[in-house]
Structure formats: structure tokens, C-alpha cells
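Please read it alongside the sequence and the coordinates.

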Amino acid sequence: MPYKILVVEDEPDINGLLVKILKEADYHTIQAFSGTEAKLLLERESPDLILLDLMLPGMSGEELLHDIRENQHNNVPILVISAKDTLSDKVSLLKEGADDYMTKPFEPEEVLARIQAALRRVGKDGADRKDLVYKNIRLYTDSRKVTVAGSEIGLTAHEYDILYLLMRNPEKVYSREALYELVWHGGYYGENNTVNVHVSNLRKKLKEKDSGEEYIQTVYGIGFKLQ
């Protein structure tokens, strides 16, 4: 059964775009165009995840988030999508109980990747049950196990998440900024060498098990993709 996502967004065009993106990825959607409408929907619907705008008519997104967490005691994953982009806004919403925060405008791939990550964190991950295979790598999405040429390798959680993103979209080039935001769920400030170090370690582990293959390509000036 497809997973159900509640889209709370007052702009009809943006709400419709999010619904289109989700339906193309085989999610079931429910639409709300105000915080009050979303609150009423939650009395009879049990979505697996909520996409929440902040600037809503009537009950604001912040007020709805507070109500869901404090009054309804509902732990459904909530991904905020907002034009507000200051660090203080993000920190405040995460402290209030949001699971993730994206700023507008957004890319469809990033929306889907963040949804999948949020569902994976709560053990749902409905969109990604099938194992991923690339060359001699097999990634088992249920158990988070990875084998290379039939031999299991030990990856850290972040190494696994990087490999998972690359294998989900083998033709896509991920910038360091995108990888940092999707894997570490934080803002990228340019000076951080974390992504390079983790990609280097991941390359090394893959090479140890399969020395005849190259798996991760550096696209100079942009980021990384599968070879």
C-alpha cells in the first residue's frame, strides 16, 4: 500500500506541484490549504508524513506544528517547506519538533530524498523496499547491509547514506552542498571538509573489496556521481 502524505500549503500552484511530484513517486496524497483544514483532516486521517508550509491563513504552520506535537502527541514525521530561510527560523522549528526543514524554491529530487530519509528514520521507508544494485555493489535497504563482489563491507551510517543516494540516482551529480544537507540534515557553509573525507573513506572501502572497479567519480567543480 502506498504511503500517505499530507501536503499543507496555501498556494494552489505549489500544493499541486508537490502533489504531482509525490504521485509520480507512488505516494498517496491528501491536500490541505490552511492550518485549520489540516488540523480537521488529522482528526480522521493518519498520514505517514506531513509536508508543512509556515505562512498559512488562519492557524499558522508554527501553531499547527505545536498543536500536533504538544496537544495531539502525534509523532508523525513533519518536513517543513518554507520561504523563511534564516538559521534562527530553522533552529526554532527543529526545536519545536519538525524533523527536517527545506527552503523554497525546491528541487523535486531533494523533496523526495528528504521524505525517503524521514520515513527511513522512523522505520517506514515505503518507497525504497527493493534492494539497489550497481556493478558489483548490492545495497540491502531493509537491513542497511552492503556487499561488494559478494563480500559484506562495514560502512558508517553516513557512508551508507551517501552510497544510498548515489545508487538511487546513478546518473545524477550530487554537489557537496547537497550531500551535506541530505545526509547530515544541516546547512553547508563551504569550509567543511566532512563530505570529502566520507567519500574518500567510502571509495577506499569499495576498492579494498573490488580493486578492478571504480565506483565513485569526482565531477570537478561540482561534486560526485557513480562512475
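Leu 6 stands opposite Ile 50 in S3, and S1 and S3, which run parallel, are joined by four bridges. The model is a predicted one, in which local features need pLDDT of at least 70 and side-chain atom pairs count only at pLDDT 80 or more, while totals for chains, interfaces and linings use all residues. Residues are numbered from 1 along each chain as its sequence is written, and side-chain values use heavy atoms, with hydrogens and water left out. Helices (H or I, at least four residues) and strands (E, at least two) are DSSP runs numbered from the N terminus, and two strands pair if DSSP finds at least two bridges between them.

**Parallel sheet**

- Five strands make up an open sheet in the order S2-S1-S3-S4-S5, and the pairing is parallel.
- Strand S2 (28-32) and strand S5 (100-103) are the edge strands, each of which pairs on one side only.
- On average, neighbouring strands of this sheet are turned by 20° against each other, direction ignored.
- Helix H1 (residues 12-24) packs on the sheet and touches S1, S2, S3 and strand S4 (78-82), where contact means heavy atoms within 4.5 Å.
- The direction of H1 makes about 170° with that of S2; axes are lines fitted to C-alpha atoms, for helices over the stretch in contact, and angles run from 0 to 180 degrees between N-to-C directions.

**Antiparallel sheet**

- A further open sheet has three strands in the order S10-S12-S11, with antiparallel pairing.
- Strand S10 (174-175) and strand S11 (216-219) are at the edges with a single partner strand each, so one side of each has no neighbour in the sheet.
- S10 pairs with strand S12 (residues 223-226) in the antiparallel sense over two bridges, and Ser 175 stands opposite Gly 223 in S12.
- Helix H8 (residues 194-209) packs on this sheet, where S11 and S12 are touched, and the direction of H8 makes about 145° with that of S11.

**Helix packing**

- Helix H7 (residues 176-184) packs against H8 at an angle of about 85°, with the axes 9 Å apart, and the two are therefore roughly perpendicular (under 35 degrees counts as roughly parallel, over 145 as roughly antiparallel, 65 to 115 as roughly perpendicular and the rest as oblique).
- H7 contributes Arg 176, Leu 179, Tyr 180 and Trp 184 to the contact, and H8 contributes Thr 194, Val 195, Asn 196 and His 198.
- Helix H5 (residues 108-121) and helix H6 (residues 157-168) pack at about 135°, with their axes 12 Å apart, which makes H5 oblique to H6.
- On the H5 side the contact is made by Ala 113, Gln 116 and Arg 120, and on the H6 side by Asp 161, Tyr 164, Leu 165 and Arg 168.

**Salt bridges and backbone features**

- The structure holds twelve salt bridges, each defined as a side-chain nitrogen of Lys or Arg within 4 Å of a carboxyl oxygen of Asp or Glu.
- Lys 4 and Glu 45 meet in a salt bridge through their side chains (2.9 Å, N to O), and this pair links distant parts of the chain, 41 residues apart, with Lys 4 in strand S1 (residues 4-8) and Glu 45 in the loop between helix H2 (35-41) and strand S3 (49-52).
- Lys 104 and Pro 105 are joined by a cis peptide bond with omega about -5°, and Pro 105 lies in the loop between S5 and H5.
- Lys 135, a residue other than glycine, has a positive phi near 50° and is found in the loop between strand S6 (132-134) and strand S7 (137-140).
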